Amino acid sequence: MDTDVPMATRDSSLAKHRQDILRMSVVYPGHPCLIAMQIMCSFPSYEAASQPTKHGWAEALSCSDVRGAGGAVNQGMELLRLMAEESMPPDEAHSFGCMLWKRSRQSDHPDAMEHGEIEAERHRDLFLALSSSWMSLRHAPQEPQEGAGAPKAASGMTNPI
């Protein structure tokens with residue numbers, strides 16, 4: 001499995017949406033669900049997106065394909081963390097992202113609230129499909145790289161960890 005290709009685009013049914021997602025208009029400062037979609041299309045895993053740069057912040061914050069203000073990117077990363085580390089289902093992550101958007105926009109950029117809500121709802125089904133694919137590929141057993149000498153489990157099968 002090619003681990004340098006963003007996981008979301010390894011699923012051929014979703015690969016065709018990658019460019020559309022990366023080009024989508026994101027209402028400033030960026031709806032967490034739409035930002036999370038761009039992160040999933042730009043990085044092979046949550047771990048890759050959250051790797052610290054030499055400056056100490058997550059790689060996702062430095063990626064030009066992730067179009068949002070820093071706080072919005074952090075909110076998108078939080079949705080992905082909840083799905084990756086706490087097994088939050090994608091539909092709950094979407095609802096949580098919408099709640100973060102409303103809560104954040106009430107105090108700053110209230111004029112963007114409605115447009116952001118509309119965009120997030122318009123892309124809800126794609127968010128759910130992309131998230132499900134990203135998480136299922138993340139948990140799928142990985143084949144060892146040639147010559148990598150991956151550790152063997154007691155059963156003789158390659159240990160995916």
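**E119.** I looked up E119 and found it in helix 8 (residues 113-122); helices here are DSSP runs of H or I, at least four residues, numbered from the N terminus. This is a predicted model, where local features need pLDDT of at least 70, side-chain atom pairs count only at pLDDT 80 or more, and totals for chains, interfaces and linings use all residues. Residues are numbered from 1 along each chain as its sequence is written, and side-chain values use heavy atoms, with hydrogens and water left out.

Is E119 buried or exposed? E119 counts as buried, at 11% relative accessibility (buried is under 20% relative accessible area, exposed over 50%, partly exposed in between, with a 1.4 Å probe and protein chains only). I then listed its contacts (heavy atoms within 4.5 Å). Setting aside neighbours within four places in sequence, E119 touches S25, V27 and L34.

**Cysteines.** I checked for disulfides, meaning a pair of cysteine sulfur atoms within 2.5 Å, and the count is zero. C33 is in none; its nearest cysteine sulfur belongs to C98, 4.5 Å away. That is too far for a bond. C33 is also buried, at 1% relative accessible area.

**Helix 4 on helix 6.** C33 turns up again here: P32, C33, I35, A36, I39 and M40 of helix 4 meet A72, V73, Q75, G76, M77, L79 and L80 of helix 6. I sorted the residues of this contact into 11 nonpolar, two polar and no charged (Ala, Val, Leu, Ile, Met, Phe, Trp, Tyr, Cys and Pro count as nonpolar, Asp, Glu, Lys and Arg as charged, the others, Gly among them, as polar).

Definitions and conventions:
Helix = DSSP H or I, 4+ residues; strand = E, 2+ residues; numbered from the N terminus.
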